[in-house]
Amino acid sequence: QVQLVESGGGLVQAGGSLRLSCAASGSTFSEYTMGWFRQAPGKEQEFVAGINWGGRTTYYADPVKGRFTISRDDAKNTVYLQMNSLKPEDTAVYYCAADKHVTASAMSVLRGNALDTWGQGTLVTVSS
């Protein structure tokens, strides 16, 4: 099972960009579907984006379509989330998740223990 560590969060003004990274340990990273989730203060966790093993198929939540891009580099055991045109409502703790047994679209409806592995999260704050 992989271990996940997120980085790249921070404070950014509305309209700005950030790139989050999620580094995975373990030799089987390429076999995992990877996803990004977020949880804003006082709100439930929500799916943001997912990418299948092989990287050919991606899936996005409606609020981030056209603004966020998920990608992966299996040689570096890393998945990225490029976030552009950030809005204050994007403020949240962003979590990386991995699972060997689901597609990116299926991952969008799963939470918590339903997925194999989670990172510890990285905070993104978008100021207005």
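User: How many aromatic pairs does the predicted model contain?

Analyst: The model is predicted, so local features require pLDDT of at least 70 and side-chain atom pairs count only at pLDDT 80 or more, while totals for chains, interfaces and linings use all residues. Residues are numbered from 1 along each chain as its sequence is written, and side-chain values use heavy atoms, with hydrogens and water left out. Rings of Phe, Tyr and Trp (its six-membered ring) pair if their centres lie within 6.5 Å; planes under 30 degrees apart are stacked, over 60 edge-to-face, and the rest tilted. By this rule the count of aromatic pairs is 3.

User: What is the geometry of the aromatic pair F37 and F47?

Analyst: The centres of F37 and F47 lie 5.4 Å apart, with 80 degrees between the planes. Planes over 60 degrees apart count as edge-to-face, so the pair F37 and F47 is edge-to-face.

User: Which strands does this pair tie together?

Analyst: Strands are DSSP runs of E with at least two residues, numbered from the N terminus. F37 and F47 are 10 residues apart in sequence, so their pair ties together strand 4 (residues 33–39) and strand 5 (residues 46–51).

User: Is Y59, which forms an aromatic pair with F47, buried, partly exposed or exposed?

Analyst: The tilted pair F47 and Y59 has 6.0 Å centre to centre and 45 degrees between the planes. Buried means under 20% relative accessible area, exposed over 50%, and partly exposed in between (1.4 Å probe, protein chains only). F47 has 6% and is buried, whereas Y59, at 37%, is partly exposed.

Methods. Helices (H or I, at least four residues) and strands (E, at least two) are DSSP runs, numbered from the N terminus.
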